[in-house]
Amino acid sequence: MKRLWETIRSPFQLLGRTIALLPSARKSHRKILESMYSIGNQSLVFIALTLAFLGLILVYQGAYQALKVLPDLTPVGPVFIGTMVRVFGPTIVALMLATRVGAGIAAETGSMTVTDQIEAMKVTNADPVEYLVVPRFIASIIMMIVLWVFGVLVAVAAGTLIGTLRFGIQLRTFLSLSGTTMSDVWVALFKCVIFGAAIPILAADSGFKATGGSEGVGWATTNAVVHSLFTVILLDFLISSIAYRFGW
Amino acid sequence: MSKPLETDSFLGNFGRTFITAFQTVGAMTLLQLRIFRSLLAVKNFDYDESVTQLFKVGVRSLPVVVATATFVGALMVIASGNFVRATGATTLIGWAAGTAVFSEVGPVLIGLMFSGRVGANNTAELGTMVVTNQVDALRVLGIDPIGYLIVPRFIAMIVMLFLLTAIGDLFALAGGSVACRAVLGIDMRIYWLGILDSNLLSEFIMGLVKAIFFGGAVGIVSCHWGLQVTGGARGVGRAVNDSVVTSAIAIFVVNFFITVLWT
Amino acid sequence: MIEYVNVTKQFGPLTVLDGINLTIKDGEITYVIGSSGTGKSVLVKHAVGLLRPDAGRILIDKIDTTNFNEQQWNQIRMRYALVFQHPTLFDSMSLVDNVALPIRKHQKVSKPAAKKSAMEYLERVGMATKADLMPSDVGPGERKRVSIARALTLSPDCAILDEPTTGLDVVASKNIDEMISELSKSLGKTVIVVSHDLRSIFSVADRIIFLYKGEIRLDGSPSAFRASDDPVVRQFVSGEASGPMET
């Protein structure tokens with residue numbers, strides 16, 4: 001039980017320290033941009049692939065079920081786009097980011113920890129949180145939003161292809177924004193910020209706790225992925241519930 | 001690495017990713033063939049080790065999968081909430097949640113979680129063994145690493161993900177029913193009736209078939225990246241990263257093809 | 001019997017073995033020596049197919065192994081057991097389970113039967129009292145002894161030990177030396193030892209092969225070595241830091 005509490009407490013501590021150090025980020029423009037580039041570079045192809053297939057499957061299933069139950073294909077496009085923007089976009093992109101970037105950050109900080117580089121930083125009065133975590137924290141939030149937009153576009157493109165070619169839906173009927181509201185966008189943006197913040201914190205936290213050589217780094221990376229995946233889903237649930245209750 | 005692959009242009013990077021992707025798929029296919037060949041030699045099947053792995057995999061992943069599935073089910077219900085509120089079709093909630101969970105969301109998200117919990121762990125274990133020469137030690141003792149290390153894990157992952165998806169699906173439905181009442185304010189009976197009314201057997205089975213293939217995919221992917229580790233601690237970290245990423249792609253791709261072929 | 005016929009092995013630009021011709025005779029204790037990184041490990045790894053020669057052939061019991069597949073090598077490895085330099089015990093299982101694994105796999109017995117058999121091997125290397133500990137709980141010398149025990153479960157005709165005393169204190173080293181002696185004298189096994197531990201070399205070896213710059217510099221008995229006037233050999237034997245030897 002005590003370990004569970006410690007597992008929950010430690011990332012919050014890191015989060016606290018990171019936020020406290022945010023003002024100092026003003027002088028690390030370059031590192032933030034580097035981080036952003038790195039995250040984007042690593043994830044672009046990956047997100048494109050997974051979100052494309054997601055779009056394909058959502059439209060396929062959606063149209064198939066609509067034909068079975070309604071049978072009318074007009075709502076498929078708008079509902080698909082609305083759910084992509086609000087639900088699947090942030091969530092799936094975040095899950096993918098958790099596996100790609102989260103694992104990457106954990107592997108990096110983990111191997112730095114087991115090779116005592118973190119200790120070395122502390123000893124020379126450089127704060128590892130300031131140097132390693134803060135830039136990635138900011139970069140991750142920004143890139144999460146960017147990649148959400150990118151992911152939604154890719155998924156919609158793929159979905160449109162299959163909707164028009166396979167199911168013969170009219171392009172104009174499909175690409176309608178009638179299923180998407182402004183509040184959908186706001187909720188989605190909020191989710192992106194929260195997810196984008198959570199992933200690097202959890203990943204770095206796991207990395208800093210790594211012990212014992214290659215086994216430790218492997219453990220840290222696994223831990224980061226599992227915690228990030230679960231936390232994204234948990235937070236998603238909380239945010240969605242609250243948003244629904246307030247009619248957003 | 002030979003010179004031609006060392007470009008840093010965008011197109012170069014793209015091309016290199018493509019080539020690497022092909023190489024990876026090729027290597028994984030080879031590994032799959034070796035696994036099948038080992039399985040065919042039935043008398044060499046390591047029953048003891050397979051059972052051990054089954055327990056390890058199952059015990060490790062059950063809590064996390066169950067927890068994830070419950071929240072995913074709840075999420076699905078909330079997501080359909082808006083739609084239901086707009087159209088007033090409350091009776092569709094059960095059907096919507098049931099279909100989504102059984103056929104798509106259940107297997108995929110449970111598969112992703114499984115890949116994180118078990119796949120990553122597996123890659124890390126195998127990778128560490130490679131780096132510390134334990135895999136060579138097996139060969140030198142005349143023990144085939146494929147038969148002893150890989151096949152039991154492969155089998156264990158398929159069996160376990162199958163079971164976990166079945167169990168997880170049910171927990172997802174349960175989570176959905178709680179969300180239905182607590183968040184949407186709809187009576188749980190309507191929810192459960194909606195599920196029971198719709199004949200979801202075909203979707204349920206399709207989901208389980210997907211789970212079998214996802215399990216196999218996570219197995220091959222995680223073992224492949226574990227076995228090819230070079231470079232100590234950093235190499236293991238990188239391999240785990242590659243392992244979960246590749247698994248995720250595989251899950252999405254396989255998911256699409258099974259859905260299309262099944263319906 | 002292992003024969004190296006004109007064996008050459010390169011790693012990138014570095015030629016580690018250059019046309020090696022060598023016959024390991026049965027029943028003897030042969031030491032392969034040379035300073036660190038001169039290819040001693042590379043040489044013995046060829047004997048069990050962990051490495052393949054770039055040129056030349058390796059004959060084991062007169063059979064050419066050039067086109068051997070993994071399965072055929074596995075047969076060889078049962079008779080020519082290699083013990084690695086660095087501890088390669090399986091760190092996820094206890095010491096006794098480590099030794100029991102090859103017994104269970106090769107003799108197709110149940111886990112409890114294999115464990116019992118494993119305890120006997122552990123007794124022989126003096127590690128029976130620590131059977132249930134994990135590899136990380138014991139010191140390097142003890143881990144070395146357990147890996148030797150594990151290799152012996154194959155009932156090999158020949159044991160190949162890669163730097164068995166490197167990194168051990170004098171007492172542990174002497175223990176290993178005694179074990180090597182017993183393997184050969186009492187059990188009649190062929191033993192090949194890779195080493196640069198001078199004390200061990202001169203107390204146990206029947207025959208010494210000195211590898212230098214990819215070639216066999218000297219091949220003979222310990223007394224032949226002591227009597228040699230080759231300046232490189234003299235430098236190695238005396239352990240001097242300066243001299244004609246390039247390391």
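Among contacts in chain A between residues at least 6 apart in sequence, what percentage join residues at least 24 apart? The figure is 85%. Keep in mind, as you look around, that this is a predicted model.

**Stop 1: chain A**

You will find eight helices and zero strands, so written along the sequence the pattern reads α-α-α-α-α-α-α-α. Taken along the principal axes, the C-alpha atoms of this chain fill a box of roughly 65 × 35 × 35 Å. Chain A has 248 residues, and 52% of them count as buried.

**Stop 2: a loop in chain A**

Now pick Asp116(A), in the loop between α3 and α4 (117-123) of chain A. Most residues other than glycine have a negative phi. Asp116(A) has a positive one, near 65 degrees. Is Asp116(A) buried or exposed? Count the other C-beta atoms within 10 Å: there are 10, and 12 or fewer means exposed, so Asp116(A) is exposed.

**Stop 3: where chain A meets chain B**

Show chains A and B together. Their contact takes 45 residues from chain A and 45 residues from chain B. On the chain A side, the elements that give two or more residues are α2 (29-69), α3 (76-114) and α8 (214-245). Colour α8(A) to see the largest share, 19 residues. Sorted by class, this side of chain A has 26 nonpolar, 15 polar and four charged residues.

**Stop 4: where chain C meets chain B**

Next, bring in chain C. Here the contact takes 15 residues from chain C and 10 residues from chain B. Select α2 (70-79) and α3 (95-107) of chain C, which each supply at least two residues of the chain C side. That side has eight nonpolar, four polar and three charged residues.

**Stop 5: a hairpin in chain C**

Stay with chain C and select β1 (residues 2-11) and β2 (residues 14-24), which pair in the antiparallel sense over seven bridges. They form a hairpin with two residues between them, and Gly12(C) in the turn has a positive phi of about 65 degrees.

Finish on Asn6(C), which lies in strand β1 of chain C. Its phi is near 55 degrees, a positive value in a residue other than glycine. With 13 C-beta neighbours inside 10 Å, Asn6(C) counts as partly exposed.

Note on methods. Residues numbered from 1 in each chain as written. Chains lettered and ligands numbered in written order. Predicted model: local features only at pLDDT ≥ 70, side-chain atom pairs only at ≥ 80, totals over all residues. Helix = DSSP H or I, 4+ residues; strand = E, 2+ residues; numbered from the N terminus. Buried ≥ 20, exposed ≤ 12 C-beta atoms within 10 Å, placed from the backbone. Contact = placed C-beta atoms within 7 Å. Pairing = 2+ DSSP bridges. Nonpolar A, V, L, I, M, F, W, Y, C, P; charged D, E, K, R; others polar.
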